[in-house]
Amino acid sequence: MPLVSGILKRHQFLNWPLRHLHSSLMQTNLADFIEHTPDGQAADQILRSCVHCGFCLATYPTYQLLGDELDSPRGRIYLIKQMLEGAPVTEKTQLHLDRCLTCRAYETTCPSGVQYGHLLDIGRNIAAQHIPRGWWANTQRGSVALIEKTKIWDEHVRRF
Ligand code: SF4
């Protein structure tokens, strides 16, 4: 009997995301400014694929380091959802989105295959339209993008 209940428990654990799928799917109500755009449609699909399980928290470095759920994929997905539904965009929102290194560490644990990276790009663009950055921040970001694009950093690291 303990063996049977053990197998059942394990089976239930493995099926956790499926059992909760219907009750946990994210409901969305995107604002007019984005709803019928390609970004809006892509974002809507990605938002609906998240089942809020929180498995990504266990593997995400910025959450592990800072201990704030808004610095995890699930928290950022929530922030982006709020923006796309018309909530005011704040510097705090932009900060949490900026802190993501796009390392994709969560991908090994996400049971729903949420395309968080694409959603983050959409969210960052919206935030940038509402919260202008200063010249210094733009210069820093431009330099990092240039380094990334030209692979100067890769070449530098490979030398050591
Ligand atoms: S992103 Fe994936 S792992 Fe994170 S809460 Fe959503 S479904 Fe779960």
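Student: Why does R104 count as exposed?

Tutor: R104 has 12 C-beta neighbours inside 10 Å, and exposed is the word for 12 or fewer, so R104 counts as exposed. Bear in mind that this is a predicted model. As for its place, R104 is in the loop between α7 and α8.

Student: What makes the phi of R104 worth a remark?

Tutor: Phi of R104 is near 65°, which is a positive value in a residue other than glycine. H52 also goes on that list, with phi near 60°. H52 is found in the loop between α4 and α5.

Student: Why is H52 called partly exposed?

Tutor: Count the C-beta atoms again: H52 has 13 of them inside 10 Å. Exposed needs 12 or fewer and buried needs 20 or more, so with 13 neighbours H52 counts as partly exposed.

Student: Why is V51 called buried?

Tutor: V51 has 22 C-beta neighbours inside 10 Å. V51 lies in the loop between α4 and α5. Across the chain, V51 and C110 are 59 residues apart in sequence, and their C-alpha atoms are 9.4 Å apart.

Student: What makes C110 buried?

Tutor: C110 has 21 C-beta neighbours inside 10 Å; buried takes 20 or more, so C110 counts as buried. C110 lies in the loop between α7 and α8.

Student: Which residues does C110 touch, leaving out those up to four places away in sequence?

Tutor: F55 and C56. There's also a C-alpha separation of 8.8 Å between C110 and C50, which are 60 residues apart along the chain.

Student: Why is C53 called partly exposed?

Tutor: C53 has 17 other C-beta atoms within 10 Å. Buried would need 20 or more, exposed 12 or fewer, so C53 counts as partly exposed. C53 is in the loop between α4 and α5, and its C-alpha is 8.5 Å from that of P111, 58 residues apart in sequence.

Student: And G54, why is that one partly exposed?

Tutor: G54 has 14 C-beta neighbours inside 10 Å, which falls between the two cut-offs of 12 and 20, so G54 counts as partly exposed. G54 is in the loop between α4 and α5.

Student: Which residues are closest to the ligand?

Tutor: C50, C53, C56, R74 and C110 are the closest of the 15 residues that surround the ligand. By class, that shell has 10 nonpolar, 4 polar and 1 charged residues.

Student: How many helices and strands does the chain have?

Tutor: 10 helices and 0 strands.

Student: What share of the chain's contacts with a separation of 6 or more comes from residues 24 or more positions apart?

Tutor: The share is 66%.

Student: How do you describe the packing of α7 (residues 91-98) and α8?

Tutor: Two packed helices are described by the angle between their axes and the distance between the axes. Here the axes of α7 and α8 come within 10 Å and cross at roughly 145°. The crossing is left-handed.

Student: Which residues make the contact of α7 with α8?

Tutor: From α7 it's T93, Q94 and L97, and from α8 it's L120, G123, R124 and A127. They divide into 3 nonpolar, 3 polar and 1 charged.

Key:
Residues are numbered from 1 along each chain as its sequence is written. This is a predicted model: local features need pLDDT of at least 70, side-chain atom pairs count only at pLDDT 80 or more; totals for chains, interfaces and linings use all residues. A residue is near a molecule or strand if its C-beta atom, placed from the backbone, lies within 6 Å of it. Ala, Val, Leu, Ile, Met, Phe, Trp, Tyr, Cys and Pro count as nonpolar, Asp, Glu, Lys and Arg as charged, and the others, Gly among them, as polar. Helices (H or I, at least four residues) and strands (E, at least two) are DSSP runs, numbered from the N terminus. Two residues are in contact if their C-beta atoms, placed from the backbone, lie within 7 Å. Axes are lines fitted to C-alpha atoms, for helices over the stretch in contact, and angles run from 0 to 180 degrees between N-to-C directions. A crossing is left-handed if the near helix is turned anticlockwise from the far one by less than a right angle, and right-handed if clockwise.
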